[in-house]
Amino acid sequence: MSSSSAAPAAKPPIRDALVAAAFRLFLERGYEQTTVDDIVALAGVGRRSFFRYFPSKEDVVFPDHERCLADMTAFLAAGGAEHEPVRRVCDAARLVLRMYAENPAFSVQRYRLTRRVPGLRAYELSVVWRYERALAEYLRARFAGRPDGTLRADVIAAAVVAAHNNALRSWLRSEGKGDPGAAVDHALGYVQKTYGRPAQAPPAPAARAGRPDDVVVLVSRRDAPLWRVVQELETALGRA
């Protein structure tokens with residue numbers, strides 16, 4: 001026999017309750033005017049519970065970045081030699097976008113808050129630097145032994161972060177309207193085109209004995225930079 005009384009609504013997990021309470025108070029009172037005691041009182045938990053989940057008040061504003069950074073690091077570590085390195089770090093950056101796009105309303109609120117509070121902006125920059133460092137460390141390993149391998153790794157990592165954040169912040173400024181994935185794909189495509197390896201050309205026929213005068217003809221744009229021409233030539237010769 002079914003009961004006529006409605007089941008009580010399940011309480012949100014403590015971590016989610018703390019985040020919800022914090023942002024409600026930040027919007028009502030302001031970030032600086034809200035204390036940890038205020039947050040735990042509204043969430044109905046103790047101070048010890050707050051610090052079990054968040055080391056500081058700043059961390060409650062960015063509750064998912066640690067998980068996202070761990071996912072990115074694991075994704076990069078799972079990459080093998082068969083993965084083109086620039087494409088791999090671009091795909092890793094898309095994990096960050098996915099985190100923001102999972103909850104557009106929350107992401108837009110956080111963006112507004114960090115624009116108003118200098119301390120949060122500085123904290124956000126430190127988080128961005130950790131993402132960039134993870135990308136750079138992966139690329140340094142992939143480019144190890146190459147001339148300027150470390151320089152190339154650091155430049156590409158910075159370019160990926162800049163392109164991703166340019167598209168992401170444009171989406172956040174639009175109040176979360178439109179498709180953020182398309183904008184980020186366009187921005188990261190620019191990085192891929194600039195720094196990535198071109199599509200693999202068909203292997204050049206093996207040199208035949210007694211024919212030391214074999215000729216390779218390469219067609220390239222007149223305005224192509226020299227490094228791109230060299231890169232395409234190496235690919236055609238099977239040296240990439």
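View 1. Helix H8 has 25 residues and reaches 36 Å from its first C-alpha to its last, which is close to the 36 Å expected at 1.5 Å a residue. The model shown here and in the other views is predicted. Just after H8, Glu175 takes a positive phi of about 70°, and this value belongs to a residue other than glycine. Glu175 is placed in the loop between H8 and helix H9, the latter covering residues 180-195.

View 2. Asp148 is found in the loop between H7 and H8, and although Asp148 is not a glycine, its phi is positive, at about 60°. Is the residue Asp148 buried or exposed? Its relative accessible area is 56%, so Asp148 is exposed, the limit for that class being over 50%.

**View 3. The largest cavity and its lining.** The structure holds 1 cavity of 30 Å³ or more, and the volume of the largest cavity is about 220 Å³. Its lining is made up of 20 residues, of which Val96, Val128, His164, Asn165 and Leu168 lie nearest the centre of the cavity. The elements that give two or more residues to this lining are helix H4 (65-77), helix H5 (85-101), helix H6 (104-116), helix H7 (118-142) and helix H8 (149-173). Which helix supplies the largest share of the lining? That helix is H8, from which 7 residues of the lining come. Sorted by class, the lining of the largest cavity consists of 13 nonpolar, 4 polar and 3 charged residues.

View 4. Asn165 lies in helix H8 and is one of the lining residues that lie nearest the centre of the largest cavity. Its relative accessibility is 12%, so Asn165 counts as buried, the limit for that class being under 20%. Between Asn165 and Ala93 there are 9.5 Å in space, taken from C-alpha to C-alpha, whereas in sequence the two residues are 72 residues apart. Ala93 belongs to H5, where this residue is among those that are buried.

**View 5. Helix H5 and the helices that cover its buried residues.** Helix H5 has 17 residues and reaches 25 Å from its first C-alpha to its last, close to the 24 Å expected at 1.5 Å a residue. The helix is mostly covered, in that 12 of its 17 residues are buried. Among the buried residues of H5 are Pro85, Val86, Arg88, Cys90 and Tyr100, and Val96, which is buried in H5 as well, is one of the residues that lie nearest the centre of the largest cavity. What covers the buried residues of H5 includes H4, H6, H7, H8 and H9; H4, H6, H7 and H8 are also among the elements that give two or more residues to the lining of the largest cavity.

**View 6. Arg112 of H6 and Leu172.** Arg112 has its place in helix H6. How far apart in space are Arg112 and Leu172, C-alpha to C-alpha? The separation in space is 8.7 Å, although the two residues are 60 residues apart in sequence. The relative accessible area of Arg112 is 39%, so this residue is partly exposed.

**View 7. Arg29 in helix H1.** Arg29 is found in helix H1, which covers residues 14-29. When its neighbours within four places in sequence are left aside, Arg29 is in contact with Thr34 and Asp38. At 46% relative accessibility, Arg29 counts as partly exposed.

**View 8. The protein chain as the setting for the close-up views.** The secondary structure of the protein chain comes to 10 helices and 0 strands, and along the sequence the pattern reads α-α-α-α-α-α-α-α-α-α. Of the 240 residues of the chain, 36% count as buried. Among the contacts in the chain with a separation of 6 or more, 67% are accounted for by residues 24 or more positions apart. The chain exposes about 14700 Å², of which carbon and sulfur atoms supply 56%.

Notes. Residues numbered from 1 in each chain as written. Predicted model: local features only at pLDDT ≥ 70, side-chain atom pairs only at ≥ 80, totals over all residues. Heavy atoms only, no water. 1 Å grid on protein atoms, 1.4 Å probe; cavity = no way out; pocket = protein on both sides within 12 Å on 5 of 7 lines; lining within 4 Å. Points joined across faces, edges and corners; volume = space filled by probe spheres on them. Helix = DSSP H or I, 4+ residues; strand = E, 2+ residues; numbered from the N terminus. Nonpolar A, V, L, I, M, F, W, Y, C, P; charged D, E, K, R; others polar. Buried < 20%, exposed > 50% of the residue type's maximum accessible area, 1.4 Å probe, protein only. Expected span 1.5 Å × (residues − 1). Contact = heavy atoms within 4.5 Å. Areas by Shrake-Rupley, 256 points an atom, 1.4 Å probe, with all protein chains shown as cover.
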